[in-house]
Amino acid sequence: MSAPAVPRAELFAELPRTRVTSFGQWRALTGRVVWTMVSKGELIGAILTPLVFTVGFYLPLRLVMQFQGIDYAQFVMPIIVLQTMAFTMMSNAQLAAFEARTGFSSRLQSMPVGLLVPLTSRIAAGLVRSVVSLTAALCYGHIIGFGFTAGWVQTVGFCAFALAVGTVLAIGADGLGSLTKSPQSLSQALTLPILIFGMMSCGFVPETQFPEWVRPFVRNQPITQFAYALDDMAGAGVTWEVLRVGLIWLVAAATLFTPFAVWASVRRA
C-alpha cells in the first residue's frame with residue numbers, strides 16, 4: 001500500500017527560506033573575479049607591470065636628470081604610479097568585454113540580480129588589482145630612492161588619490177568594454193591614449209623640456225595635474241591650489257564616465 005501523497009507546499013514548508021541580497025550577489029561576483037585573477041596569474045602581472053615601468057622610465061633618464069639637479073626617483077614615481085593605474089584599468093575593460101561577448105552579462109540580466117551588481121563587482125575586483133599594483137610600485141620606488149617626507153596624512157592621501165584615479169579610469173574602461181565586446185581591439189585602442197597622455201605630461205620631464213608650442217597642453221592636461229598633486233603629497237605636502245585642479249579633473253571624469261558605464265552595463269543587447 002503506497003504512502004499518501006504529500007502536497008508540495010507542505011513538503012518544503014520546514015526548509016529555511018533563502019534570502020538573496022544585492023550585497024550577497026556583489027560579494028559572490030567580486031569573489032569570482034578575484035579568484036579568477038589569482039588562479040590565472042593576473043595578480044602576478046599586476047605586480048610585474050610597475051616593475052617594468054620603474055626600470056624602463058627611471059634607468060634611462062636618471063643620469064640626465066641628475067645633471068640638472070633633479071632627484072629623479074622622487075620626480076618620476078608619481079607618473080609611474082599613474083601609468084600603473086592606467087594599465088590596470090585595461091583589465092577591467094577586457095573583463096567587461098569578455099563577459100558581454102560570452103553572454104554572461106545577458107545571462108545575469110535575465111536573473112534576479114541587482115542591476116548595478118555586475119558593474120560594481122568588476123570595479124571592486126579592479127580596485128583589488130590596483131591596490132596590489134600600487135603596493136608593488138611603492139616597493140620598487142623605495143628601492144630606487146623614492147620616499148614620503150610629508151607625514152602619514154599626505155602618504156594616505158597619495159595612495160587614496162592614486163586609487164581614485166585608477167577607479168575612475170576603470171569605470172570608463174568598463175563602459176567601453178561592455179559596448180565593444182572585443183577585448184583585443186579594446187586593449188589596442190586604450191594603449192595609445194595612455195601612452196600619449198603619459199609621455200606628453202610633466203611626469204617624466206619638466207615642462208621646460210618640451211617645445212614652446214606644446215607646453216600649454218602638457219601643463220594643463222589631467223595626467224600632469226594628477227602628477228603634480230601626487231608629487232607634492234610625497235614631498236613637502238600638497239596645497240589646496242595644486243590639489244584643486246587635479247580634483248576638478250577627477251570629478252569631471254567621474255561625472256562623465258559613471259553614467260556611461262551604468263548605461264552600458266544595464267542596457268539590453
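Predicted model: local features only at pLDDT ≥ 70, side-chain atom pairs only at ≥ 80, totals over all residues.
The selection to type is residues 72-102, and from the first C-alpha to the last the helix reaches 45 Å, close to the 45 Å expected at 1.5 Å a residue. Follow the helix to Pro 78, where α4 bends by about 25°, and then go on to Gly 103, which comes just after α4 and takes a positive phi of about 90°.

Next, turn to the salt bridges, of which the count comes to seven. Select Arg 122 and Asp 174, which form one of them, with their closest N and O atoms 2.7 Å apart. Arg 122 belongs to helix α6 (residues 117-144) and Asp 174 to helix α7 (residues 152-180), so this pair ties together parts that are 52 residues apart in sequence. Are these two residues buried or exposed? Both Arg 122 and Asp 174 are buried.

Now move to helix α11 (residues 240-266), where Arg 244 and Glu 241 are three residues apart and therefore separated by about one helical turn. These two also form a salt bridge, the closest N and O atoms being 3.1 Å apart. Glu 241 is exposed, with a relative accessible area of 51%, while Arg 244 is partly exposed, with a relative accessible area of 32%.

Notes:
Residues numbered from 1 in each chain as written. Heavy atoms only, no water. Helix = DSSP H or I, 4+ residues; strand = E, 2+ residues; numbered from the N terminus. Expected span 1.5 Å × (residues − 1). Bend = angle between axes of the 7 residues up to and from the residue. Salt bridge = Lys/Arg side-chain N within 4 Å of Asp/Glu carboxyl O. Buried < 20%, exposed > 50% of the residue type's maximum accessible area, 1.4 Å probe, protein only.
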